Amino acid sequence: MTTVNPSLPTTTPVVISLSRSTLWLAITAILALGIYYFVGVDQGATSVFGSDMHIHEFVHDSRHFLGFPCH
């Protein structure tokens with residue numbers, strides 16, 4: 001038989017509704033795809049900002065660290 005130590009706090013699970021968890025999942029997926037685009041795909045010529053290379057240069061080292069080719 002297991003006894004509960006009264007000096008330890010008990011935990012209660014966090015309950016989130018299905019609609020709220022769907023909203024969190026959608027927001028997370030959109031942010032993840034945005035980060036994936038800017039780190040892995042955006043290369044100046046295919047940039048949504050035209051031929052601007054600022055984002056490419058800002059994430060350049062992380063591109064190489066994560067294995068994305070860019071040269």
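Leu-31 is exposed, with a relative accessible area of 55%, where exposed means over 50%, buried under 20% and partly exposed in between, computed with a 1.4 Å probe and protein chains only. The model is a predicted one, in which local features need pLDDT of at least 70 and side-chain atom pairs count only at pLDDT 80 or more, while totals for chains, interfaces and linings use all residues. Residues are numbered from 1 along each chain as its sequence is written, and side-chain values use heavy atoms, with hydrogens and water left out.

**Fold and confidence**

- The protein has three helices and zero strands, the elements running α-α-α from the N terminus on; helices (H or I, at least four residues) and strands (E, at least two) are DSSP runs, numbered from the N terminus.
- The mean pLDDT, the predictor's confidence in each residue from 0 to 100, is 82 for the protein, and 89% of its residues reach 70 or more.
- Confidence is highest in helix 1, at a mean of 92, and lowest in helix 2 (residues 54-58), at 79.
- Where pLDDT is low, the predicted coordinates should not be read in detail.

**Surface and burial**

- The accessible surface of the protein comes to about 6200 Å², of which 71% belongs to carbon and sulfur atoms; such areas come from the Shrake-Rupley method with a 1.4 Å probe, and for residues only the protein chains shown count as cover.
- Buried residues make up 15% of the 71 residues in the protein.

**Aromatic pairs and contacts**

- The structure holds two aromatic pairs, a pair being rings of Phe, Tyr and Trp (its six-membered ring) with centres within 6.5 Å, and with planes under 30 degrees apart counted as stacked, over 60 as edge-to-face and the rest as tilted.
- The ring centres of Tyr-36 and Phe-68 are 5.8 Å apart and their planes stand at 65°, so this pair is edge-to-face.
- That pair links distant parts of the chain, 32 residues apart, with Tyr-36 in helix 1 and Phe-68 in the segment after helix 3 (60-66).
- Tyr-36 is partly exposed, at a relative accessible area of 46%.
- Tyr-37 and Phe-38 also form an edge-to-face pair, because their ring centres are 5.2 Å apart and their planes lie at 75°.
- Phe-38 is partly exposed, with a relative accessible area of 29%.
- Among contacts (heavy atoms within 4.5 Å) with a separation of 6 or more, residues 24 or more positions apart account for 21%.
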